[in-house]
Amino acid sequence: MALANTTFLDACAGRRPAHTPIWVMRQAGRYLPEYRAIRAKVSFEELCHRPDLCAEVTRQPIDRFGLDAAILFSDILTVFDAMGAKVEFTPAPVVAEPVRSAADVDRLRFGRADDHLGYVYDAVTACKKELDDRVPLIGFCGAPFTTASYLVEGGGSKEFMHIKRMAFAEPALFGRLLESITTVLVDYLAGQVRAGVDALQIFESWGAAMSPADYREHVLPHLRRLVGEVKQHGVPVILFVRGNASLLEQARELDADVLGIDWSIELSRAIEVVGRDRVVQGNLDPIALFAPPKQLEARARAIVAAGREARGHVFNLGHGISRHTDPAAVARLVEVVHGA
Ligand code: 1CP
């Protein structure tokens, strides 16, 4: 069956649908009472392992807001199951044994995604069925550096001391780790496409921890390989690199169909940097959802207008939605973007 709403895929392909499509990073999650009701019954880990519940929470924001794309409910760290690393969600992720030395890297078992992540593929299948071709489904993974940062730091981080130390002091070890992670990610995204996702997003949430020169030397080659290999599957690839103002010039070199823009740069300026021939996604400050309605509306309209200068534009936030957001503000935002 054909998709009922193709606005998101049209924009990804550089076409101009009747309205600007919108989805919201982290749209399924704790700001929604219907999500919290499910989480009151099951842990986050259990939720990720239950395809029926993944499908339900993936659909929740589609039902409530009429967004133009759904994103698979999972996490960028579930992929650790294919690397022999254990993570607990508290809800912030905690890696029991951080990977900091050559012996630690040797201890990891970089396996086939198919052997360890079948439950995610089952969730994709369940989501596709649940969505019933109303909107496309986005699959995702963390970028090699962002994924590695959780492994090496042992969780979230402010300074990224351990992973940067590894890159600067033991570049061969760092390179070996990122290369192995990238191989798993390539395999994992291929499996998501086989299971039925219509598009892919790669989240480089923490790339700005590196200076632009260090990013180019130590990180970009791996991201380039990931994007290049994943592009062969024929679904649109969105590359979201946070810290755009400094890293956008590197992101634009890669062959991603869509470049995600955070709110550290005006969308019009970002379009000048990446070129008007590119498709962009973004970039409302998530905290703008806490502004008075008129102000939210003005900010959203300005971003839709700026997006018209690019070859294509998918409206989104500049990063994940805050768990404290009032769902009514999201409903208003969707209405404004669709009406603009
Ligand atoms: O208690 C709970 O319910 C757990 C909170 C939660 C949720 C809802 C976590 C733990 N992960 C998720 C789901 C999730 N994570 C999704 C699917 C839902 C959706 O988008 O609608 C996605 C795409 C992610 C991606 C993700 N996880 C990223 C990249 C995006 C970003 O925000 O930069 C990152 C960095 C993570 C790690 C992670 N997982 C969970 C938390 C609380 C975090 C962030 C920790 C940190 O700040 O370091």
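The ligand takes up the space of the largest pocket. A pocket is found on a 1 Å grid over the protein atoms alone, as an open set of points with protein on both sides within 12 Å along at least five of seven lines. A molecule sits in a pocket if more than half of its atoms lie within 2 Å of the grid points of that pocket. The model is predicted: local features need pLDDT of at least 70, side-chain atom pairs count only at pLDDT 80 or more, and totals for chains, interfaces and linings use all residues. Residues are numbered from 1 along each chain as its sequence is written, and side-chain values use heavy atoms, with hydrogens and water left out.

**Ligand site**

The ligand is surrounded by 23 residues, of which Tyr-35, Asp-75, Tyr-150, Ser-205 and His-319 are the closest; a residue counts here if one of its heavy atoms lies within 4 Å of the ligand. This shell consists of 14 nonpolar, five polar and four charged residues. In that division Ala, Val, Leu, Ile, Met, Phe, Trp, Tyr, Cys and Pro are nonpolar, Asp, Glu, Lys and Arg are charged, and the others, Gly among them, are polar.

| Residue | Protein atom | Distance to a ligand oxygen |
|---|---|---|
| Gln-27 | polar backbone atom | 3.1 Å |
| Ala-28 | backbone N or O atom | 2.7 Å |
| Tyr-150 | polar side-chain atom | 2.6 Å |

On its own the ligand has 890 Å² of accessible area, and the protein covers 91% of it (Shrake-Rupley method, 1.4 Å probe).

**Sheet**

Seven strands form an open sheet in the order 1-4-5-6-7-8-9, with parallel pairing. Strands are DSSP runs of E with at least two residues, helices are runs of H or I with at least four, and both are numbered from the N terminus; two strands pair if DSSP finds at least two bridges between them. Strand 1 (70-71) and strand 9 (312-317) are at the edges with a single partner strand each, so one side of each has no neighbour in the sheet. Strand 7 (residues 258-260) and strand 8 (residues 279-284) run parallel and are joined by three bridges. Val-258 is opposite Val-279 of strand 8.

**Backbone**

Strand 8 also holds Asn-283, which is joined to Gly-282 by a cis peptide bond with omega about -10°. Another cis bond runs from Thr-90 to Pro-91, with omega near 5°; Pro-91 is in the loop between strand 2 (87-89) and strand 3 (93-95).

Most residues other than glycine have a negative phi, and most peptide bonds are trans. Asp-132, in the loop between helix 7 (118-131) and strand 4 (137-142), has a positive phi near 55°. Phe-160 has a positive phi of about 55° and lies in the loop between helix 8 (144-153) and helix 9 (161-169).

Technical notes: A polar contact is a pair of N or O atoms within 3.5 Å; within protein, one must be able to donate a hydrogen and the other to accept it, and residues adjacent in sequence count only if both atoms are side-chain atoms. On a 1 Å grid over the protein atoms alone, a cavity is a set of points where a 1.4 Å probe fits but cannot get out, and a pocket is an open set with protein on both sides within 12 Å along at least five of seven lines; lining residues have an atom within 4 Å of a point.
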